[in-house]
Amino acid sequence: MATTTRPARPKNQPSVWLGCSHCYTQGDLVGDWYTITEALEVTMDDLHDACLTLAGPWCEEMEIFDHDLPVSGEPDPSALPAWIEAYEAVGDQLWPAYHTWVTTGLYVENGDGVGDPVAFEDAYCGIWDSFEDFIVEQTNDSGIFDGAGETLVRCFDWNKWIADCRYDYSVADVRRDAGAPAVYVFRCL
């Protein structure tokens with residue numbers, strides 16, 4: 001008997017656990033995990049086939065019972081197209097940063113309860129070893145010290161400058177793939 005496997009999905013593509021509402025109310029957990037793009041194509045028969053059960057005539061509604069989207073609670077399945085648009089606009093590589101940006105609560109919404117990918121691009125300043133590293137590099141790159149004497153540069157109060165700059169940014173602690181600590185830095189819009 002040949003078995004079929006799902007193609008490998010992109011590393012960071014979000015997924016949802018879709019289930020049959022009627023079966024759930026009857027005490028049966030009928031459903032499976034699907035990527036957000038797969039979820040749009042799932043039928044009631046697909047949900048029941050995944051659990052080797054038959055869909056009855058009363059099995060009419062699907063719900064998202066779990067997910068790895070950057071929202072709390074169970075989103076309405078009708079919101080999936082907006083999440084797919086956001087994922088495709090941001091891309092798989094930047095999805096973890098986008099996810100973090102939305103979970104900070106300081107994101108710009110696009111009207112569907114989904115973070116605006118264009119605003120994300122404006123806000124995202126990258127992943128850094130620390131916020132201090134980010135500010136030092138930005139400050140040095142700005143040319144603020146060009147032509148300044150060595151004494152002025154040496155006496156510059158970096159700690160105060162970094163603390164003042166903190167009001168303009170949202171910073172979230174993360175771990176890089178290798179497990180090293182880092183931060184995402186987002187410009188407050």
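This is a predicted model: local features need pLDDT of at least 70, side-chain atom pairs count only at pLDDT 80 or more; totals for chains, interfaces and linings use all residues.
Started with Asp 76: its relative accessibility comes out at 47%, so I put it down as partly exposed; buried would need under 20% and exposed over 50%.

Where does Asp 76 lie? I found it in the loop between strand E3 (62-67) and helix H4 (80-90). I also checked Asp 76 against Asp 168, which is 92 residues apart from it along the chain. Their C-alpha atoms are separated by 34 Å.

Next, the sheet. I looked up the strand order and got E4-E6-E5, an open sheet of 3 strands with antiparallel pairing. On average, neighbouring strands here are turned by 20 degrees against each other, ignoring direction.

I then looked at one pair up close. E4 and strand E6 (residues 181-187) are joined by 3 bridges in the antiparallel sense. In this pairing I spotted Trp 128 opposite Val 183 of E6.

Helix H5 (residues 95-103) was my next stop: it packs on the sheet and touches E4, E5 and E6. Its direction makes about 65 degrees with that of E6. Which residues of H5 are buried? I listed Trp 95, Ala 97, Tyr 98, Thr 100, Trp 101 and Val 102. These buried residues pack against H4, helix H6 (117-123), E4, E5 and E6.

Last entry: just after H5, I noted Gly 105 with a positive phi of about 85 degrees.

How values were computed
Residues are numbered from 1 along each chain as its sequence is written. Side-chain values use heavy atoms; hydrogens and water are left out. Helices (H or I, at least four residues) and strands (E, at least two) are DSSP runs, numbered from the N terminus. Buried means under 20% relative accessible area, exposed over 50%, partly exposed in between (1.4 Å probe, protein chains only). Two strands pair if DSSP finds at least two bridges between them. Axes are lines fitted to C-alpha atoms, for helices over the stretch in contact, and angles run from 0 to 180 degrees between N-to-C directions. Contact means heavy atoms within 4.5 Å.
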